[in-house]
Structure formats: structure tokens, C-alpha cells
Amino acid sequence: AALLLALQVRLVMKAHSFIRENVPRVLSSVKDKSGIVHIPRISQYLYFLFAPTLIYRDNYPRNPTIRWGYVATKFAQVLGSLFYAYYIFVRLCIPQFRNSSQETFNLRGLVLCIFNSILPGVLILFLVFFAFLHCWLNAFAEMLRFADRMFYK
């Protein structure tokens, strides 16, 4: 459910950017009464939907080739991050709560379980952020030949 919500938020943000960039162009061409109205092609919009950016442009800088070795490396890093997160969860988090489920409930035990799970939880969050924001998005940027990776510079 959270993944579906995140995808919907991403699509709404992309639709907002697309509308915000194109409606003023259409309205200004209607006011000027010029016969030329620049409407983006469907291919431009589809590329924008898959590109790792939230800012719509008609054209983005693109690399001439796709480095498939780089893509494979990024996907391998995603898999490695997921396996490592699973390992941390199984070795450090589950034993804490398995031991507490066999004892009678007390607040001290619950607080100890939570505090003992904070560090592994933070490590798992870092791994998930690294896997998605760095590896997954860079792999798709490379497959789309998206060259605007230094956008803020």
C-alpha cells in the first residue's frame, strides 16, 4: 500500500510539472492569436514519466550510448543491498522480538527491544535509500541515456 501511494504521489508531481510548464505556453499562443501552438508529443511525455526527474522539459541532454556494464553493476548493488538488509533484519532484529515473545509482557523488555533494534533499523533505512535513490534511479537514468545528472551544479 505504501509503494502504491508513493508511485501515485510521483505521478501527481510529474503531472503537475507537465501542466505547469505547458499551460502557459498554450495560453500565451492563444493570446497572441498566432496559429502555432506548441504541444508536446506523446513520446516526450512518456520519456518524462520514466526519466528520474520531476522537472518537465521538452528535451533533456542525452548520452550517445548506454553503458550496460554500469546498469548491471547498479542492479547488482540493488540486489546486494536487499540481501544485506535481509541479513541485518534476520540476525539483529528478529532475535530481539523472538525472545520477547516468549516472556511475559513488561515495559522494560519492550523498551530494550526497541532500543536494541534502532541501529539495525537505521542501517536498513540507509541501505534502502542507497538501493533506490542511488542504484535503481541511476540504472534507469543510464538505460534512458539521461545525461542531466549534474542538474544542481
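These legends go with a handful of close-up views of a predicted model. Residues count from 1 along each chain as its sequence is written. Local features need pLDDT of at least 70 and side-chain atom pairs 80 or more, while totals for chains, interfaces and linings use all residues, and side-chain values use heavy atoms, leaving out hydrogens and water.

View A. The chain splits into domain 1 (1–60) and domain 2 (61–152), with bounds from an automatic or database domain assignment. Their C-alpha centres sit 31 Å apart. Eight residues of domain 1 are in contact (heavy atoms within 4.5 Å) with eight of domain 2.

**View B. The largest nonpolar core.** Nine residues build it: Phe 18, Tyr 47, Phe 48, Ala 51, Tyr 56, Tyr 60, Ala 141, Leu 144 and Phe 146. A nonpolar core here is a set of buried Ala, Val, Leu, Ile, Met, Phe, Trp, Tyr and Cys residues joined through side-chain atoms within 4.5 Å. Buried means under 20% relative accessible area, exposed over 50%, and partly exposed in between (1.4 Å probe, protein chains only).

View C. Lys 14 is found in α1 (residues 2–31); helices are DSSP runs of H or I, at least four residues, numbered from the N terminus. Lys 14 is buried, at 2% relative accessible area. Leaving aside residues up to four places away in sequence, Lys 14 touches Phe 48, Leu 49, Ala 51, Thr 53 and Leu 54. Helix α2 (residues 42–50) has Gln 44, Tyr 47, Phe 48 and Leu 49 buried, and these pack against α1.

**View D. Salt bridges.** There are three, going by a side-chain nitrogen of Lys or Arg within 4 Å of a carboxyl oxygen of Asp or Glu. Arg 25 and Asp 58 meet at 2.7 Å, N to O. Arg 25 is in helix α1 and Asp 58 in the loop between α2 and α3, so the pair ties together parts 33 residues apart in sequence. Glu 142 pairs with Arg 67 at 3.0 Å, N to O. Here the partners sit in helix α4 and the loop between α2 and α3, respectively, so parts 75 residues apart in sequence are tied together. Glu 142 is buried, at 0% relative accessible area, whereas Arg 67 counts as partly exposed at 43%.

**View E. Leu 107 on helix α4.** Leu 107 lies in α4. With a relative accessible area of 59%, Leu 107 is exposed.

Notes. Helices (H or I, at least four residues) and strands (E, at least two) are DSSP runs, numbered from the N terminus.
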